[in-house]
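Colleague: I have a few minutes before the meeting. Can you put the model up and take me through it?

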Amino acid sequence: MTADEIAATNDADASPPSAAPALSPSAQKVQDALRALGFAYEVQESAQATRTAAEAARAVKCDVGQIAKSLVFKTGTTGRAILVITSGANTVNEWRIGVLLKETLEKAPPAFVREHAGYAVGGIPPLGHAKPMETFIDEDLLRHETIWAAGGTPNALFRMASADLVTMTGGRAIRVK
């Protein structure tokens with residue numbers, strides 16, 4: 001083979017350059033869940049940690065209130081997993097949600113979170129979970145035109161229209177603080 005033929009063979013075998021690097025498996029799972037529901041949002045990963053709402057807001061240069069924190073809780077009596085998607089500016093009032101559920105609500109241990117969400121704490125997305133969970137959405141998130149949600153890892157996010165959050169999750173918008 002000549003040098004030109006080798007170069008042509010290598011070029012044919014090479015993958016085309018992509019606009020974005022490949023996503024980690026957890027972030028890809030979120031991207032696939034978005035596509036399966038018909039949403040064109042793009043999960044983005046960076047080297048910068050976005051484990052907390054404040055870190056995420058700094059990374060994407062938005063108000064902390066525009067960060068959608070997905071938190072998994074456990075009911076005290078029945079042991080059900082409950083997902084609360086709240087504004088990064090708010091703290092969840094567990095008592096308020098417990099009244100709606102007619103049982104106490106408590107913080108879930110990391111192993112319980114991973115079992116039900118399928119993701120580690122700090123990267124839980126609003127969709128694509130391992131098991132279905134009753135979902136509540138902070139009404140304060142819906143006051144923003146756009147919000148940012150975790151994309152499956154502590155350094156993955158995606159931007160979305162807040163109006164799509166209820167449709168995407170099947171959640172119920174309530175006052176959570």
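**Overview**

Modeller: The protein chain has an accessible surface of about 9,400 Å², and 55% of that belongs to carbon and sulfur atoms; the areas come from the Shrake-Rupley method with a 1.4 Å probe, and for residues only the protein chains shown count as cover. This is a predicted model, in which local features need pLDDT of at least 70 and side-chain atom pairs count only at pLDDT 80 or more, while totals for chains, interfaces and linings use all residues. Residues are numbered from 1 along each chain as its sequence is written, and side-chain values use heavy atoms, with hydrogens and water left out.

Colleague: How many helices and strands does the protein chain have?

Modeller: Six helices and eight strands. These are DSSP runs numbered from the N terminus, with H or I over at least four residues for helices and E over at least two for strands. The order from the N terminus is α-α-β-α-β-β-α-β-α-β-β-β-α-β.

Colleague: What percentage of the 177 residues is buried?

Modeller: 42% of them count as buried. Buried means under 20% relative accessible area, exposed over 50%, and partly exposed in between, with a 1.4 Å probe and protein chains only.

Colleague: On to H2. Which of its residues are buried?

Modeller: Ala-27, Val-30, Gln-31, Ala-33 and Leu-34. They lie on the same side of H2, because they cover an arc of only 160° around the axis; the arc is that of the directions from the helix axis to the C-beta atoms. Pro-25 and Ala-36, on the other side of H2, are exposed.

Colleague: What do the buried residues of H2 pack against?

Modeller: Strand E1 (44-45), strand E7 (156-161) and helix H6 (165-169). Contact here means heavy atoms within 4.5 Å. After H2 comes Gly-38, which has a positive phi near 85°.

Colleague: And H4, which residues are buried there?

Modeller: In H4 (residues 94-101) they are Ile-97, Gly-98 and Leu-101. Down the axis of H4 they fall within an arc of 105°, so they line one face of the helix. Their packing partners are E2, strand E3 (81-87), strand E4 (105-107), E5 and strand E8 (172-174).

Colleague: What is at the start of H4?

Modeller: A side-chain oxygen of Asn-93 reaches to within 3.1 Å of the backbone nitrogen of Trp-95. Just after H4, Lys-102 has a positive phi of about 65°.

Colleague: Now the strands. How many residues of E6 are buried?

Modeller: Five of the five, so E6 is largely enclosed by the rest of the structure. Strand E2 (residues 67-75) runs parallel to E6 and is joined to it by two bridges, with Ala-149 in E6 as the bridge partner of Ala-68. E6 and E7 pair in the antiparallel sense over five bridges; two strands pair if DSSP finds at least two bridges between them. Their hairpin has five residues between the strands, and Gly-152 there takes a positive phi near 105°.

Colleague: Last one: where does Asp-140 lie?

Modeller: In the loop between strand E5 (134-138) and strand E6 (146-150). Asp-140 is buried, at a relative accessible area of 10%. Leaving aside neighbours within four places in sequence, Asp-140 is in contact with Ser-87, Asn-90 and Lys-177.

Notes: A polar contact is a pair of N or O atoms within 3.5 Å; within protein, one must be able to donate a hydrogen and the other to accept it, and residues adjacent in sequence count only if both atoms are side-chain atoms.
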